[in-house]
Amino acid sequence: MIGILSEAYGAAAAWRRAWYAADPSRRRRLARPVVSVGNLRVGGSGKTPIVAHLARLLAGAGEHPAILTRGYGRRRASDGVTVVSDGTRVAADLDSAGDEPLMLARALPGVPVLVSADRYLSGRIAERRLGATVHLLDDGFQHLQLARDVDLLLASEEDLTDRPLPAGRLRERLQAARAADAILVTAGYDSAADRVGRALAVDTVFRVTRTIGAPREITGRRESVVVPPGAPVFVAAGIARPDRFVADIAAAGWEVAGLLTFRDHHPFDARDIARIAAAAKSAAAAIVLTTEKDAVRLAVCDLGDMPIASVPLRVGVEPADRFRAWLLAASARCGRRRSLPGQPAIRPEPS
């Protein structure tokens, strides 16, 4: 029965994509280029760190990127657009922004971050009021209502043997990957990335690299914390793929003495903090390590005297120079007039 449901889900997703592709006018188009970052799998593919990487890359090239995101996990969702950051200050809290948008806003000064189910409306505000020259559509591969100029699809070898929901973890059949302009593969070497690209029938393939930085306090001045190699640490994580984070911690040379996981976007409370503290003490851990995304939600709690720090994840796309050149050229091929940095990006509304 579950196999039949999976086939039906995959067929419905394929029909929806074909319906939008059959008539381009069914998609709304912004005045400025749209770069979409998405995936086939439900959760845990590293889209948000890639969006942050692209924002820095585009800003470094003289663009004024804006991030358009749905804001999953918000406790207080409005019908309109929530401007999490206007590029000069963070203007929303965790409940109205969501953990990932708030994390992006804090990590990317100068980059507007807007949250709404209507990404077109967010984009119009970013163009008209915030001077955006290019948009980054976070988790946008299935958001077919908005036209995009560059479709980036995150993929892994695990995807190749997976199935659509509910039998597997895929949002669409693997054939949907052919709509992507490029595949970004998390892999340790180029040949593995190329293999995924060939399997998904996409010619342009880049490899995603992952490194972690020094742990940082999650409250106060967020200063770096020294955790000696080999030190026993306790890991607390409420993300879709905690196994990858645990592997990163172990690869950095720390001893994972214990682990406590929560569902993705879990809203931490006092009972959770007590559980984490007790488990870490029982494991004789020197410190609790968590992700930057979890840190956004943990920081609003009373942490008492529990030693806890977030571990920043840094991603790159290789070959770096080739990817940068490809992305800038691809986003410029839209054929629409683009303002110089600093000029308002406004297209007159139709009369």
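**Close-up views of rings, charges and a surface patch**

**View 1. Arg 26 lies over the face of Trp 19, 4.0 Å from the ring centre.** Likewise, the charged end of Arg 17 sits over the ring of Phe 141, at 4.3 Å from its centre. Here a charge sits over a ring if NZ of Lys or CZ of Arg is within 6 Å of the ring centre and within 35 degrees of the ring normal. Please keep in mind that this is a predicted model, where local features need pLDDT of at least 70, side-chain atom pairs count only at pLDDT 80 or more, and totals for chains, interfaces and linings use all residues. Residues are numbered from 1 along each chain as its sequence is written, and side-chain values use heavy atoms, with hydrogens and water left out.

**View 2. Phe 206, Phe 323 and Trp 326 form one aromatic cluster.** Rings of Phe, Tyr and Trp (its six-membered ring) pair if their centres lie within 6.5 Å; planes under 30 degrees apart count as stacked, over 60 as edge-to-face and the rest as tilted. The count by this rule is five aromatic pairs. In one of them, the ring centres of Phe 206 and Phe 323 are 5.0 Å apart with planes at 75 degrees, so the pair is edge-to-face.

**View 3. Phe 262 and Phe 268 make an edge-to-face pair, with ring centres 5.1 Å apart and planes at 80 degrees.** Phe 262 counts as buried because its relative accessibility is 9%, and Phe 268 counts as buried at 6%. Buried means under 20% relative accessible area, exposed over 50% and partly exposed in between (1.4 Å probe, protein chains only).
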